[in-house]
Amino acid sequence: KQASKIEDQITAEKRLKERKIIKDAVDEYRGKPSMVKRMQIEKKVIKKIVGDITGEERQKKITNTLKKFRIGILYKDVNPQLDSLIDSTTNEEKIQKLFVIKKQASEKEFRDLIIMARKNKIISDAVINGYNKRRSK
């Protein structure tokens, strides 16, 4: 049980560090936006966050990192709830996280999050349908 707590703490610290890197990158990009600058910043962010990860996990981490950065640019915010959905690996996990987020957010915040997640292909119709089916039980 103690090892699990330590692992959870390490994971949380890692996520906070990644979120700060992405937030700083979004702020840097906003200073003087251009396509060239965005590509340079993306490379730098990937290098900092993905680092030595190899194999299939590496590509997934690159994709998720870029998605978080680009959403940060579009919506001028790094959103931990959206990040947790991006990091989810299955629809089931996304549905579970939606229930947790629903408890924490106002109705408007939750609706906005769903719209943003759908628009950016973070959640699919299957996730929305699964959430709605369980909610109505």
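The protein chain holds seven helices and zero strands, with helices (DSSP runs of H or I, at least four residues) and strands (runs of E, at least two) numbered from the N terminus. Read from that end, the order of elements is simply α-α-α-α-α-α-α. The model is a predicted one, so to speak of local features takes a pLDDT of at least 70 and side-chain atom pairs count only at pLDDT 80 or more, while totals for chains, interfaces and linings use all residues. Residues are numbered from 1 along each chain as its sequence is written, and side-chain values use heavy atoms, with hydrogens and water left out.

Of the 137 residues, 36% count as buried, that is, under 20% relative accessible area with a 1.4 Å probe, protein chains only. Among contacts (heavy atoms within 4.5 Å) with a separation of 6 or more, 59% come from residues 24 or more positions apart.

Helix H1 covers residues 2-31, 30 residues in total. From first C-alpha to last, H1 reaches 44 Å, close to the 44 Å expected at 1.5 Å a residue, the expected span being 1.5 Å times one less than the number of residues. Buried in H1 are Glu-18, Ile-21, Ile-22, Ala-25, Val-26 and Tyr-29. And what do the buried residues of H1 pack against? Their partners are helix H2 (35-50) and helix H3 (55-75).

Methods: Buried < 20%, exposed > 50% of the residue type's maximum accessible area, 1.4 Å probe, protein only.
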